[in-house]
Amino acid sequence: MSRRDEIAQNLAVVDARISRACEAAGRAREEVRLIVVTKTFPASDIVLLHELGVTDIGENRHPEAEHKRSELGPAGDSLTWHFVGGLQSNKAAAIAAYADTVHSLDRAKVVDALSRGAVRAERVVDCLVQVNLEGRADDPYGRAGADPADVEALATRVEDSDGLRLRGVMAVAPLATDPAPAFTVLGEIAGDLARAHPAATLISAGMSGDLEAAVQAGATHVRIGRSVLGDRPAVG
Ligand SMILES: *Cc1c(COP(=O)(O)O)cnc(C)c1O
C-alpha cells in the first residue's frame, strides 16, 4: 500500500471515531476539528495530509517544526500550524514567526517571550493556556501545564499581551488512568474561562488513545498523531 493510501485509510478511521464520539455526546461533527500531529514524520507526509483534506497540522518541537514549515514554503500557507509542545522561553519568540496557534502556554515567562516574537514578526498568534490536570512528574510531553488555580491570571496576561489572542485551554490527560474525570475538570475550567473571556472558547484535548472521552467533555480540537501516521520511534 502506498503511504498516501495508508494515511487516507487511517484518516477515514479517525474521522469515523470522531463522528461516533460526537453522536454519542449529542454534538455536531463540525464542532470538533482534527489536528494531525506530524512530529517525527517528514514534510512529505504533511503534503499528503494536505492533499487528503487535512487543514490543521500540529508539531511539538521547535527546530523540527520550523524546518518543516519552511520546507513546505508557500504550500504551507493554506494550513493552520499548531505548536503543541513544551515551550522554552528562549524559543518562544521564534515559534511566534510560524505558529498560528500555540497550545502550551503555561507560565508568564513564555507568554512574554511569545508576545515579543509575535510583535517582531508582525503576526497575531492564537493562544491556549495549557492546564496541568494532575501533578505528573512522568509527563513524556514536556511541561505539564499551569496549575488550575493559575489559569485565570495567565489567561489575563495573554489577553493583555500585544500580538497574542486568548482562545482557550489545552491539556494532556494523565497517563494510565481513566481520562474522563480529568477531561471533565478541563471542561469546567474552560467554562469558567469562557465566561470571563468570551473569545476563549477552544478546548484542545484528546489524542489517539482518548479522543472519545475528550469529545464527550467538550473538546473542540483533538490532536491525533499515531492513529493517522502510525507509530513513532520511541522518544529517548
Ligand atoms: C504527540 C502529541 C499528540 C499526539 O499523540 P498521539 O498519541 O500520537 O495521538 C498530542 N498532543 C501532544 C501535546 C503531543 O505531543
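## Reading the labels

Q: Why is Asp106 called buried?
A: Asp106 has a relative accessible area of 9%, and buried means under 20% relative accessible area, exposed over 50%, and partly exposed in between (1.4 Å probe, protein chains only). Asp106 is therefore buried. A word on the source: this is a predicted model, in which local features need pLDDT of at least 70 and side-chain atom pairs count only at pLDDT 80 or more, while totals for chains, interfaces and linings use all residues. Residues are numbered from 1 along each chain as its sequence is written, and side-chain values use heavy atoms, with hydrogens and water left out.

Q: Where is Asp106 found?
A: Asp106 is in the loop between β4 (101-105) and α5 (108-120). Helices (H or I, at least four residues) and strands (E, at least two) are DSSP runs, numbered from the N terminus.

Q: What makes the link between the side chains of Asp106 and Arg107 a polar contact?
A: The distance is 2.9 Å. A polar contact is a pair of N or O atoms within 3.5 Å; within protein, one must be able to donate a hydrogen and the other to accept it, and residues adjacent in sequence count only if both atoms are side-chain atoms. Here the contact runs from side chain to side chain.

Q: Why does Lys68 count as buried?
A: Lys68 has a relative accessibility of 4%, so Lys68 falls under the cut-off for buried. Lys68 is found in helix α3.

Q: Which polar partners does the side chain of Lys68 have?
A: The side chain of Lys68 reaches the backbone oxygen of Phe41 at 2.6 Å. The side chain of Glu64 is another partner, at 2.7 Å.

Q: Which residues does Lys68 touch, not counting those up to four places away in sequence?
A: Contact means heavy atoms within 4.5 Å. By that rule Lys68 touches Thr38, Lys39, Thr40, Phe41, Ala43, Ile46, Glu59 and Trp81.

Q: Why is Thr40 called partly exposed?
A: Thr40 is at 42% relative accessibility, which lies between the limits for buried and exposed, so Thr40 counts as partly exposed. Thr40 lies in the loop between β1 and α2 and has a positive phi of about 75 degrees although it is not a glycine.

Q: What makes Glu122 exposed?
A: Glu122 has a relative accessible area of 74%, and therefore passes the limit for exposed. Glu122 sits in the loop between α5 and β5 (125-130). Glu122 is not a glycine, yet takes a positive phi of about 55 degrees.

Q: Which residues of helix α2 (residues 43-51) are buried, and what covers them?
A: The buried residues of α2 are Ala43, Asp45, Ile46, Leu48 and Leu49. Their cover includes α1 (3-25), β1 (33-37), β2 (56-59), α3 (62-72), β3 (80-83) and α9 (226-229). Just after α2, Gly53 takes a positive phi of about 100 degrees.

Q: How do you know that β1 and β2 pair?
A: Two strands pair if DSSP finds at least two bridges between them. β1 and β2 have two bridges, in the parallel sense. Val37 stands opposite Gly58 in β2.

Q: What shows that both faces of β2 are covered?
A: Asp56 and Gly58 on one side are buried, as are Ile57 and Glu59 on the other. In a regular strand the side chains alternate between the two faces of the sheet.

Q: Which residues come nearest to the ligand?
A: Of the 13 residues around the ligand, they are Lys39, Ser208, Gly225, Arg226 and Arg232. A residue is near a molecule or strand if one of its heavy atoms lies within 4 Å of it.

Q: How do you know that Lys39 and Arg232 have polar atoms within reach of the ligand?
A: A polar side-chain atom of Lys39 lies 2.7 Å from an oxygen atom of the ligand. For Arg232, a polar side-chain atom is likewise 2.7 Å from a ligand oxygen atom. Taken alone the ligand exposes 390 Å², and the protein buries 99% of that; accessible areas come from the Shrake-Rupley method with a 1.4 Å probe, and for residues only the protein chains shown count as cover.
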